[in-house]
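Here's a quick briefing to read alongside the model. Have the sequence and the 3D view open as you go.

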Amino acid sequence: MVCGLLEPDGGTITIGGRPAAGDLSVKSLVGYMPQDVALYPDLTARENLAFLGRLYRLHGALLEERVSEAFELTDLSDRAGDRVDSFSGGMKRRLNMAAGLLNHPVLLVLDEPTVGVDPQSRHAILERVQTFGRGGMAVLYTTHYMEEAERVCDRVGIIDRGRLVAEGTRRELVARLGQRDRIELGAAGDLERLAAAVRTVPGVESADTADHAVHLVAEDGRWILPAILEAAKRAEVVLNSVDVVEPDLEAVFLHLTGTALRE
Amino acid sequence: MRNALVIAHKDLRQRLRDRSAIVLGLVAPLAIAALMSVAFKGSDTFHFTMGVVDVDRGPVAAGLLKALDAPGLRQIVTVKTIASKRSAADAVRAKSVAAALVVPAGFSASIEGGDPLSLVTLTSVNQTVAGDITSSIATSFIAQLNADRLSVATALAAGVPTSQSAHLEALAAGFQIPERAVQRSIGAHKLKTISYYSPGMAIFFLLFTISFTARSFFVDRAQGMIERIRAAPVRPLEILAGKAMSVLVYGVASLGTVAVITSAAFGANWGAPAAAALLGLAMVVAVVCVTALVMCIARTQRQAEGISSIAVFGLALLGGNFIFLSSSPPVMRTVALFTPNGWAMRGFTDLSTIGGGLGTVAEPVLAILAFSVVAGSAAALLARRAVAA
């Protein structure tokens, strides 16, 4: 709907302060990278970008400049004159992204951009996305990989069966669902005394000993960590390791959507 | 429509990189036209050998043989005398004669009676034209004979003495039935086979662009390119128009090149250049509109290929690209007028025979453009749904 590929049933879409409905020119503000590589295999990389750039009213020197810039951003400058069907999958993905950047979009829509991509290309894509975001570009990033969402996204929306079931920052999503941090204290000495000492720290909900460590469940583990360390000192137990594990988006996602396989 | 031009330019670039475009747009029509030129060489003039069997040996048979020796008939018929009907049948079978005419015994005597015998025509299925001409000759001769008999009978009925009947017969035989139908070409030039099939084959292969372009639309969709283009500030109609417009440039180039080469190399007469160019351009526009319509109607690549095949061969067969429309049944000549290529063939034939200029092709061009408007309008109405599918 944001890219104008589907008509909305209701509501409004505003891009750059302009309503998208009925205004073809608003599409000039949007860059689109589809999930599947959408490029002409029998044209060169440069020909593909030049063609798409012309559709966004780019021509002449400006078009050349944008095309070169897109190649530099995606590290494909040395393959610009080669046919796309000679590219690897990762290169095609990067070129796919480059095509979405030609018009210097206000909003870049990336539909699962790292699917089927080698780790190097995936890393490069994620790095670029973070760079775009820091540069002020709005990025609408869809993915099934929670770690990618955690890495590149400021705000996350979880969609289940076509409905937006949750939306917010990572912390907001985690906190909304009441997830707690897990803290693991590795120590030599009396672990029971250590566990008893840390139970008295405000915010610690539980402390158990297992596997030669004390396992805590606490709210905002990072905030109460100094108090936990102080409690360990009072108990005269020397800590070998401290590991704070915050609840992740995957846990949030599974909690909201369930673990049943989808059709 | 600026985006349509961008899409057309891209499509054309892809088309030219594909060697099949050169083959279908240039090599194939030239090759087929050349082949037909060789195959039909000599068909512009027709001559055959006709066997004649005179079993009657009477005066009427003698009159027939004399009629067959007329200067006008000698241009198309060489008469060969054969001894018997059986020998004549063998000769037709062996193709030493194309057809044979048998005057049965008692034919001359039967003319004066009330139940005259019939002339027998022996023909072969492989020589239908010769058989038709032989039958026609026989029919004409019989008609003359009947006219003579009628004249004598009328005179006798009017009171002329029967003793004068022989004299009357001789007089009547000196008269000839005036020709009731004279077929003369209205054109200044005779239609050469190569002049018919050069535009015929060029247009036939032009029709193939419907299939290629419609298929490429669905290939682009499968590659995700239609969706990508739709995400850009491009109207749905511009996408279809762009793809169809690539046909315009390719078609004009193909038709023009074939016209020049067949004219120079094979002596095809396409008529006055400006008129032929206008007619060719109108035909290309029609193909553009049909291409757009096929892209809108089909839902899948397979459907596009199927619909295109029906359109290409249906139009070619009905429009007279393969056969002379003039020798087709009247219903076929009427149906051809519902096809753009049928009008184009009519126009090119008129240019080749009648000559003239833009005035000669005005009616075909208008008819083709009317067809284009209908097809193009339908495509425009369906464009949004077709692109969004």
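At what angle do helix α12 and helix α13 of chain B pack? They pack at about 145 degrees, with their axes 9 Å apart; axes are lines fitted to C-alpha atoms over the stretch in contact, and angles run from 0 to 180 degrees between N-to-C directions.

This is a predicted model: local features need pLDDT of at least 70, side-chain atom pairs count only at pLDDT 80 or more, and totals for chains, interfaces and linings use all residues. Residues are numbered from 1 along each chain as its sequence is written, while chains are lettered from A and ligands numbered from 1 in the order in which they are written.

**Helix pair in chain B**
- α12(B) spans residues 273–297 and α13(B) residues 301–319 (helices are DSSP runs of H or I, at least four residues; strands are runs of E, at least two; both numbered from the N terminus).
- On the α12(B) side, Val290(B), Val294(B), Met295(B) and Ile297(B) meet Ala304(B), Ile307(B), Ser308(B) and Ala311(B) of α13(B) (contact puts C-beta atoms, placed from the backbone, within 7 Å).

**Strands in chain A**
- β10(A) (213–218) pairs antiparallel with β8(A) (181–188) over six bridges; pairing takes at least two DSSP bridges.
- Ile183(A) sits opposite Leu216(A) of β10(A).
- β9(A) (204–210) also pairs antiparallel with β10(A), over six bridges, and Val204(A) has Ala218(A) as its bridge partner.
- Two residues separate β9(A) and β10(A) in their hairpin, where Asp211(A) in the turn has a positive phi of about 55 degrees.

**Where the chains meet**
- 20 residues of chain A are in contact with 17 of chain B.
- α1(A) gives the most to chain A's side, with four residues.

Conventions
Two residues are in contact if their C-beta atoms, placed from the backbone, lie within 7 Å.
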